[in-house]
2 protein chains.
Amino acid sequence: MAASWFAVFRLRMRGKSVVVRHQVLNQVHNHTSVGTHVGASQVQAAPDHHSDEKENERRRLLHVVQAERQEQAERSVLISCHATNSEKKFLKHLSKYGDIKKHFFYQSFGLYAVVEYSSQESVASLLEHAAIPTVNHESMVPFKSRLLSLRSLASVGSADQQSGQHCQPQTSPPISELIQRLSREESIDQQITALTEAYQLTEENIRLRFLVCSLLKDIAAAYFPECTIRPFGSSVNGFGKLGCDLDMFLDLDGISGRNVKMPRSGLSLEYHMKSANSERAVTQSILSVIGECVDKFGPGCVGVQKILNARCPLVRFAHQPSGFQCDLTANNRVAMKSTELLYLYGELDPRVRSLVFGVRCWAQAHSVTSRIPGAWITNFSLTVMVLFFLQRRSPPIIPTLDHLRDLAGPADKSVIEDNDCTFVSDFSKIHIHRNTAALGQLLCEFFDFYASFAFNKMSINIRKGKEQNKPEVVPLHIQNPFETSLNISKNVNSTQLERFVALCRESVWILQQSATNSPSGESGATPWGLAALLQPLQVPGNKGRKRRSREPASERIKSLLESLKIKNQS
Amino acid sequence: MAASWFAVFRLRMRGKSVVVRHQVLNQVHNHTSVGTHVGASQVQAAPDHHSDEKENERRRLLHVVQAERQEQAERSVLISCHATNSEKKFLKHLSKYGDIKKHFFYQSFGLYAVVEYSSQESVASLLEHAAIPTVNHESMVPFKSRLLSLRSLASVGSADQQSGQHCQPQTSPPISELIQRLSREESIDQQITALTEAYQLTEENIRLRFLVCSLLKDIAAAYFPECTIRPFGSSVNGFGKLGCDLDMFLDLDGISGRNVKMPRSGLSLEYHMKSANSERAVTQSILSVIGECVDKFGPGCVGVQKILNARCPLVRFAHQPSGFQCDLTANNRVAMKSTELLYLYGELDPRVRSLVFGVRCWAQAHSVTSRIPGAWITNFSLTVMVLFFLQRRSPPIIPTLDHLRDLAGPADKSVIEDNDCTFVSDFSKIHIHRNTAALGQLLCEFFDFYASFAFNKMSINIRKGKEQNKPEVVPLHIQNPFETSLNISKNVNSTQLERFVALCRESVWILQQSATNSPSGESGATPWGLAALLQPLQVPGNKGRKRRSREPASERIKSLLESLKIKNQS
């Protein structure tokens with residue numbers, strides 16, 4: 001079958017094992033390895049599986065990873081290839097313009113390919129030979145970008161039919177499928193690892209994210225040639241789930257000519273520029289123009305909304321060819337620092353990411369979190385709660401933010417709008433305590449920890465790594481790590497907090513039950529362990545079922561934790 | 001006096017004699033001559049003052065002139081220099097970045113200089129060394145353009161004071177001043193020539209217009225690197241008056257990749273582009289984004305209005321540093337052809353421009369034309385009426401458009417939206433009849449011609465060079481030269497037409513009077529000749545004065561014309 005290669009090699013934006021997938025791709029497609037150390041791409045149950053050298057190789061500075069990704073993206077083009085059904089022909093045609101370093105296919109609104117050339121000249125050559133389409137009764141906005149369509153005049157009909165086969169979505173699997181998949185695993189540790197692998201961003205998805213940033217940068221660079229568009233948040237902090245929004249910010253800090261020392265006397269030249277009475281007003285202007293351009297010129301960009309009066313002004317749009325929901329902000333420097341911090345914590349110990357993935361999936365299953373703004377706990381708050389829990393282990397699995405700040409060198413110094421955002425960037429300076437607790441044990445302890453946390457009096461503080469007295473009366477107080485006078489969870493009301501606590505208690509109880517504590521024998525027949533936790537639970541607010549117990553979870557959990565520890569040691 | 005050079009050499013955007021001014025500038029400033037053949041820059045009373053070689057040298061194709069101007073503009077920068085008072089220091093500083101080919105100063109909202117470098121690298125070097133200004137409590141939109149400010153930290157106060165001296169406005173002189181000036185001339189011919197010299201665009205003003213186009217092109221080229229912004233209409237057709245609007249159009253025709261022949265089989269690449277259901281909708285999109293950008297980023301651009309639902313969508317704004325009111329349209333190809341045609345007619349015989357300037361000034365003085373849209377006769381209609389009048393002379397002073405079309409070579413062929421816009425571009429192919437009528441005589445004949453024109457039945461048609469039967473019932477019918485089914489004066493109502501005819505009659509009558517037919521002896525004491533025509537006239541609709549005569553002007557004019565002819569021959 002001529003078209004079967006699509007079925008086999010089409011980019012699997014999610015899959016059972018990232019590592020295995022990459023090996024297959026590399027063998028069969030002869031892709032050149034370009035360094036796939038991108039945060040969450042390798043997952044291990046515990047740190048002792050790694051040698052120290054491997055650890056140091058894996059831990060790379062976020063800005064180094066970003067720079068490499070950006071450079072890759074600028075040598076790449078995005079091609080809609082609904083009209084071809086032969087990879088060989090595809091590659092033959094695209095190779096006319098230069099040496100292809102890497103390519104992959106994926107399904108979004110149609111079949112697309114990302115093609116990375118070895119040099120930017122090849123991209124220029126390709127664009128030089130591309131035509132502006134002529135369609136009857138339609139006129140084109142002649143804005144040329146690196147988003148192209150491949151046409152085959154001979155066999156459009158048959159190709160269209162075949163390309164619809166075997167296409168996989170770019171989003172994470174639905175919860176029901178995930179529960180089945182996890183139920184077939186043999187330990188809770190393996191379940192958490194499997195969940196992480198199913199949910200985390202793939203190498204290809206990250207490349208696609210950087211490519212979309214790069215395409216948007218071409219628009220912004222029209223006016224600000226020295227600008228960059230950087231992804232931040234879940235796309236790069238290592239905690240992103242397939243299908244998560246693409247948060248970007250327009251970085252204008254690289255524009256030269258600022259803070260130039262003027263001569264004491266004599267003449268000097270200055271740019272004549274439009275001014276506004278605040279940095280915010282300037283940001284609004286810039287985003288307004290870029291939003292207008294994305295709306296009117298940006299191929300594949302739809303549903304553009306300018307949300308310029310938000311605390312952090314943004315332009316929101318859907319990028320159809322990638323399937324990403326995009327948010328573009330500007331000069332969002334604190335958010336970039338938060339991203340770097342989460343990335344660093346995630347790189348320090350693989351259990352950090354896995355536990356975050358496990359807890360966030362659990363929270364989503366029970367509507368603790370929501371994509372809709374409201375009184376729900378946010379993913380960021382939940383992540384900080386996991387970090388705080390890991391700081392409170394004995395010995396701690398990750399260091400406090402104050403400790404990371406104390407380790408910082410002069411180059412790490414960062415003060416943004418009077419907030420001290422300094423922390424160490426050199427991983428080798430960070431000493432990690434040896435704590436070999438397994439993922440299953442940590443998950444259970446997490447629920448137990450927050451089931452009995454004194455939310456009424458105490459604030460969660462990853463800077464100190466210790467709960468602090470609440471500075472104000474709110475149901476949930478989690479100190480913003482950088483803007484320390486702010487509470488990142490001020491939106492949460494007492495109902496939502498109580499549900500969260502009740503769900504933690506219930507989850508400990510379930511893990512305690514022998515029926516749900518281990519595999520059922522018949523493979524995957526009954527959800528158990530983490531899979532059981534993802535099914536509807538009996539807590540106040542969940543109608544129709546009664547709570548089974550009101551005794552403190554900490555009492556009931558002891559035997560469970562003991563049994564988990566024994567399993568892990570064996 | 002250190003600052004006195006400003007008083008002497010500051011650009012005189014209008015003046016008594018363009019030719020004399022250029023000589024002074026070239027001698028004292030040692031400006032390199034860069035070819036000042038720009039339409040109306042030389043004015044002569046009659047063609048026999050020129051040798052044929054001079055004529056051919058002067059007559060250059062508009063697109064050749066334009067290309068040279070555009071190239072000059074791209075090597076130029078516009079500098080606000082409120083803080084300097086020494087030309088020597090100014091030149092010394094600016095020469096750091098490269099060889100200056102030409103420079104001049106002018107007064108607009110403050111003192112400005114246009115500096116043309118020999119090479120674009122010098123401009124790049126200058127921009128590289130320019131700083132982004134820092135102003136307390138203000139933030140800058142960091143959009144870098146070739147509009148800069150020169151700062152002098154030593155002597156800001158004193159310079160500010162002095163730069164206010166001896167500055168001349170960029171607009172044409174007020175009518176009262178013009179009347180005085182004309183009254184001092186010795187013949188009507190000289191009056192018309194003096195009026196033309198006072199009103200027409202100067203070399204520097206034309207340079208400034210092309211520079212503003214070039215600055216705007218930098219904005220548009222951000223998205224459409226292959227685009228051009230071309231001035232059209234009065235800025236380049238030779239009939240522009242100082243202070244007239246700057247009409248520009250965004251020319252996207254140069255964008256490559258259109259009408260590419262697709263291969264019969266195999267693969268080919270196309271740009272993915274936003275589409276709309278009409279060329280007009282695309283134009284609206286593009287102008288909307290550029291308008292947004294001019295509004296938010298464009299330094300010195302104020303009062304931006306997007307008039308996108310007009311028949312020809314446009315963006316209107318004021319460019320403060322140049323003082324120009326700007327209209328930007330897109331793909332306005334017929335308007336460009338009209339511009340070329342007027343330019344050609346103006347180049348064929350210097351009397352064409354002079355007569356147009358005289359008639360338009362007269363029309364403006366009596367509110368026959370108006371800057372406000374309404375039932376008034378437009379400048380374009382009035383210009384076509386002058387052209388038609390000159391075609392109807394015996395022998396004709398200019399050929400018909402049909403004749404120009406018949407002379408066209410294959411390269412001249414132009415069909416725009418089914419309209420034949422073909423006419424000859426090679427001046428040497430055009431044979432001009434020998435008609436030596438002087439300007440004063442022609443002016444008088446113009447009024448007489450339209451005082452008795454059968455507007456009720458006939459249409460003015462420069463294509464045929466003969467009046468045609470009106471195709472529809474309207475007060476005034478002037479066939480659009482290229483879109484021949486349209487009437488360029490359909491806005492004119494019968495009241496306005498009647499006023500025009502009455503003013504023509506009255507003007508003939510005035511020229512006939514011996515008191516206003518020749519200088520008064522005491523130099524400039526009493527307005528006479530053309531100057532008398534620019535004073536309030538007694539026609540219906542002008543309150544307070546009665547009409548002196550109702551007999552046909554043609555009867556009264558005979559003796560006057562005879563006397564003018566005798567004067568001219570002597």
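Please describe the contact between chain A and chain B, and then a sheet of chain B.

Analyst: This is a predicted model: local features need pLDDT of at least 70, side-chain atom pairs count only at pLDDT 80 or more, and totals for chains, interfaces and linings use all residues. Residues are numbered from 1 along each chain as its sequence is written, while chains are lettered from A and ligands numbered from 1 in the order in which they are written.

Start with the contact. Chain A gives 65 residues to it, and chain B gives 65 residues. Two residues are in contact if their C-beta atoms, placed from the backbone, lie within 7 Å. Several elements of chain B each supply at least two residues, among them helix H5 (87-95), helix H6 (120-129) and strand S5 (147-152). Helices (H or I, at least four residues) and strands (E, at least two) are DSSP runs, numbered from the N terminus. The largest share on the chain B side, 10 residues, comes from H11(B). By type, that side holds 35 nonpolar, 19 polar and 11 charged residues. Here Ala, Val, Leu, Ile, Met, Phe, Trp, Tyr, Cys and Pro count as nonpolar, Asp, Glu, Lys and Arg as charged, and the others, Gly among them, as polar.

Now the symmetry. Chain B superposes on chain A by a rotation of 180° with 0.1 Å of shift along the axis, at an RMSD of 0.1 Å. This is the relation of a two-fold axis. In chain B, Ala222(B) has the C-alpha nearest the axis, 2.2 Å from it. Both copies use the same surface: 100% of the contact residues of chain B recur in chain A.

Next, the helices. H11(A) (residues 279-296) packs on H11(B) at about 170°, and their axes are 9 Å apart. Axes are lines fitted to C-alpha atoms, for helices over the stretch in contact, and angles run from 0 to 180 degrees between N-to-C directions. H11(A) is therefore roughly antiparallel to H11(B), a label for angles over 145 degrees. The residues that meet include Ser285(A), Val289(A) and Glu292(A) on one helix, and Ser285(B), Val289(B) and Glu292(B) on the other.

Strand S8 (residues 267-271) of chain A runs antiparallel to S5(B), with 5 bridges between them. Two strands pair if DSSP finds at least two bridges between them. Leu269(A) stands opposite Leu150(B) in S5(B).

Finally, the sheet. In chain B, 5 strands form an open sheet of mixed pairing, in the order S6-S7-S12-S11-S10. Strand S6 (228-232) and strand S10 (301-307) of chain B are its edges, and each pairs on one side only. From one strand to the next, the twist averages 25°. H11(B) packs on this sheet, touching S7, S10, S11 and S12 of chain B, and its direction makes about 160° with that of S10(B). H11(B) is also the helix with the largest share of the chain B side of the contact. Within the sheet, S11 (residues 314-319) and S12 (residues 324-330) of chain B run antiparallel, joined by 5 bridges. Val315(B) has Leu328(B) in S12(B) as its bridge partner. Helix H12 (residues 333-348) of chain B lies across S6 and S7 of chain B, at about 50° to S6(B).

Conventions:
Least-squares fit on C-alpha atoms with pLDDT ≥ 70 in both. Parallel < 35°, antiparallel > 145°, perpendicular 65-115°, else oblique.
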